[in-house]
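Hi there,

Here is the structure I promised to pass on.

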Amino acid sequence: MNTRLSELIKASGQMQLVYKPVFLRITDPLERIALDQLIENQVSFFHDEIYGQLQELVKMKNPAVRIKPEEYPELIQKHLGGRDIHSYGVWVYYPWSRRLVHMLDEEEFIKVRSNRNQYKITLKEQEILNTKRIGIIGLSVGQSIALTLAMERGFGELRLTDFDTLELSNLNRIRSGVHNLGIPKVVITAREIAEMDPFLKVICFFSGLNEENMDSFFSDNGKLDLLVDECDGLDIKILARFKARELRIPVIMDTSDRGMLDVERFDLEPNRPILHGTIENVDPQNIKNLSTEDKIPVMLQMLGVENISLRAKASMIEVEQTINTWPQLASSVALGGAVGADVSRRILLDQYHDSGRYYIDLEELIADKEKHSDDKKVTRLNPFKPLRVEELEAIASKALPALMPDDIYPDKESISSMVAAAAAAPSTGNDQPWKWYYKKGTLFLFHDEFRSHSFGDFQKTASFITFGAAYENLFVHALSLGIEPYYSFFPDKSSEKLVASIRFRKLNPNPISDLLKPLDQAIFKRHTNRIIAPKAEISGDIYSRLATLAESIPGAKIRFFTDENDMRSMARIIGACDRMRLLHPEGHYDFVHREMRWTPEDAEKTLTGIDIRTLELGNSLMAAMGVIKSEKVIDAVKQFGGGNALGMLAMRTVSTASALCMISIPGYELKNFFEGGRSMERFWLEATNLNLAIHPVISPLYLFSRILHGNGEGLDEKNIKELQYLREAFNKIAGTGNNDAEVFLTKIAIAKEPVLKAHRLPVKDILNFDE
């Protein structure tokens, strides 16, 4: 009996892994007996089209002759030379489908099947390709490349590896039938190749590529001549390239997005950086067990976020939120199969030698004549202009108060020192919306709305928290100079730009000044610390010290949240508000264009805003931020009804918090926000002295005010309903009402000091003196 048939019968219990056909040449009596047994016991479908194949063979041998249909019988008989047509060629049995097919034997089969490749592939080139070994990792896009290579006979040996079985959701891009569900992808691919060309050599690695079988995959029975990487495992993607570079094997990869094909010629450039140097700092061992969602930032870094299509970017935000993994389309996969097979052939034939990334973007090549870029050039008019010195002087002259008998006139050096301390205060998005003017013993604090105008500064509350914090810094630093400031509050219709006038008297020590003096040493150390560190417990004594400072402002109330369930619930509320803000056109614009500084050069040039490096996100998540920048991506996400991932950073942030805390003052009015800013700053300076990491998470407070005090101004009905629901949940956790000035919500943790801190405008740019 045929040896392969015997093996097949023994392995019948593992039919799902069988992918090689059985060849029977029945000129051998034993093979004839085996064929008869198959026909009797196994074959369900019988295919004998040998006559048609012989017709093609005869025609191929006489391409210049127009053969008439009636001439074929004689020509075929002449070719057979007296041999029985039933015994001619080879019978091939496909055990997985129980089909028996009669076909030309190998040499003639190959000639006929590849005849129409001439002369795009010459006979000499075909001979070269027949000696080449190609390995393919991953069989979604990989299947398309494998089948195209097989159709062209672009290899002599093909090694396939994938650990996965076919699932129903794979059928959107993998060419197969529902009868193959649950069967290994390598087997499905190998079977289809065998059904189009049983003489092609295919070897399957059923467990996928791993560190244990990598040497065998790359080198057994001869070293690979080309690697095609289409796997999802980022660690294997990297490790396979290290091995390919070590063995000087070229690598190609199709991404099925914008027709991008990646080529790395390690055969010609053995020192070439892996993936063109995009992942130099990525350790494959660290990413091995990442979730699909956590892999996306690495993918963005690897592919270059600027090169990914709009819908792919938007979809990546939805992974593990509204979709399980990143999407692929059959049309893109089919295109990848064609491009991948074409480039493979030319590499193996020494016709193409470069490395690089290449795009065949059909939406760009075949598009409406009027093209639109993925990113809108968005501009929103700022209704305010920067405050000019002339305006400051005019307003100050009208508002100059009568000095009291015990008032003093600090010199310019002392005023500059106090304003420098004030300018070290926190502000929303580091907008630093203050201007200062000193005239006849009075220091005026002005609101430069050109800097603060934003979606987040609803009814100017965020700005007045900032002004309160700035005044508190000035107040604390003045105490160290033996000076006690006091202020008059001015925000009214007659002069909306003037916040307060500040006068000075000699300090008479008192319990409050004694409490506050130690805070001076923290003014220029205070910063937002976004570093994620292991969760640590903080003692009750520390919370008491923080509360003492925060509540030393009359009416201020601080609440600490340390219960894990409460903090998780708070994180969900914070995340939902972060998401809502980023999906809102004005909120997104503020984030991208007013708050963030996307390059070190921009941060150093403006000295305002948030240097993206201070977010402490790491290279991978920094790449993900590039996706969020695009207004078109955000529009697409909104159309999908998605965006939950935009709030996930809050969950990550809060998960390592020792506590959350909130500061409020009864009564929703600007002066209370100003005083609340003072309370916040006292708390923050004391936390700095205690080496605590403070990371504000304030989006709920800014959005809640719109539904509590602005009738939902600027929000759509969906936003309003969601915020009403979130506010109810917030009140249950925080025990708050709806009529307070809610000033500060922050994470408290223990973490190392960040290397980079926010920039500040120099005093000369924010302070003017009356000459």
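**What I found**

Lys764 is exposed, with a relative accessible area of 65% (exposed means over 50%, buried under 20% and partly exposed in between, with a 1.4 Å probe and protein chains only). The side chains of Lys764 and Asp765 meet in a salt bridge, 3.2 Å from N to O; the term stands for a side-chain nitrogen of Lys or Arg within 4 Å of a carboxyl oxygen of Asp or Glu. Asp765 counts as partly exposed, at 40% relative accessibility.

Before going further: this is a predicted model, in which local features need pLDDT of at least 70 and side-chain atom pairs count only at pLDDT 80 or more, while totals for chains, interfaces and linings use all residues. Residues are numbered from 1 along each chain as its sequence is written, and side-chain values use heavy atoms, with hydrogens and water left out.

**The sheet**

An open sheet of seven strands runs in the order 7-6-5-8-9-10-11, with mixed pairing. Strands (E, at least two residues) and helices (H or I, at least four) are DSSP runs numbered from the N terminus, and two strands pair if DSSP finds at least two bridges between them. Strand 7 (201–205) and strand 11 (356–358) stand at the edges with a single partner strand each, so one side of each has no neighbour in the sheet.

Strand 5 (residues 133–137) pairs in the parallel sense with strand 6 (residues 157–161) over five bridges, and Leu158 in strand 6 is the bridge partner of Ile134. Helix 7 (residues 141–152) packs on the sheet and touches strand 5, strand 6, strand 8 (226–229) and strand 9 (251–254); contact means heavy atoms within 4.5 Å.

Strand 8 also runs parallel to strand 5, joined by four bridges, with Ile136 opposite Val228. On its other pairing, two bridges join strand 8 to strand 9, again in parallel, and Val228 has Ile252 as its bridge partner there. Both faces of strand 8 are covered: Leu226 and Val228 on one side, and Leu227 and Asp229 on the other, are all buried.

**Salt bridges in the sheet**

How many salt bridges does a search of the whole structure find? The search gives 42. One of them joins Lys201 and Glu157, whose closest N and O atoms are 3.2 Å apart. Lys201 lies in strand 7 and Glu157 in strand 6, so this pair ties together parts that are 44 residues apart in sequence. Lys201 is partly exposed at 38% relative accessibility, whereas Glu157 is buried at 4%.

Arg357 and Asp262 also meet through their side chains, at 2.5 Å from N to O. Here strand 11 holds Arg357 and strand 10 (residues 261–264) holds Asp262, so parts 95 residues apart in sequence are tied together. Arg357 is partly exposed at 21%, and Asp262 is buried at 0%.

**Two buried spots**

Helix 29 (residues 699–709) has nine of its eleven residues buried, so it is largely enclosed by the rest of the structure. Those buried residues pack against helix 19 (461–480), helix 22 (564–583), strand 20 (659–666), helix 30 (717–734) and strand 22 (740–749). Just after helix 29, Asn711 takes a positive phi of about 55 degrees.

Arg682 sits in helix 28 (residues 670–689) and is buried, with a relative accessible area of 3%. Beyond residues up to four places away in sequence, Arg682 touches several others, including Glu472, Phe475 and Leu516.

Best wishes

Key:
Axes are lines fitted to C-alpha atoms, for helices over the stretch in contact, and angles run from 0 to 180 degrees between N-to-C directions.
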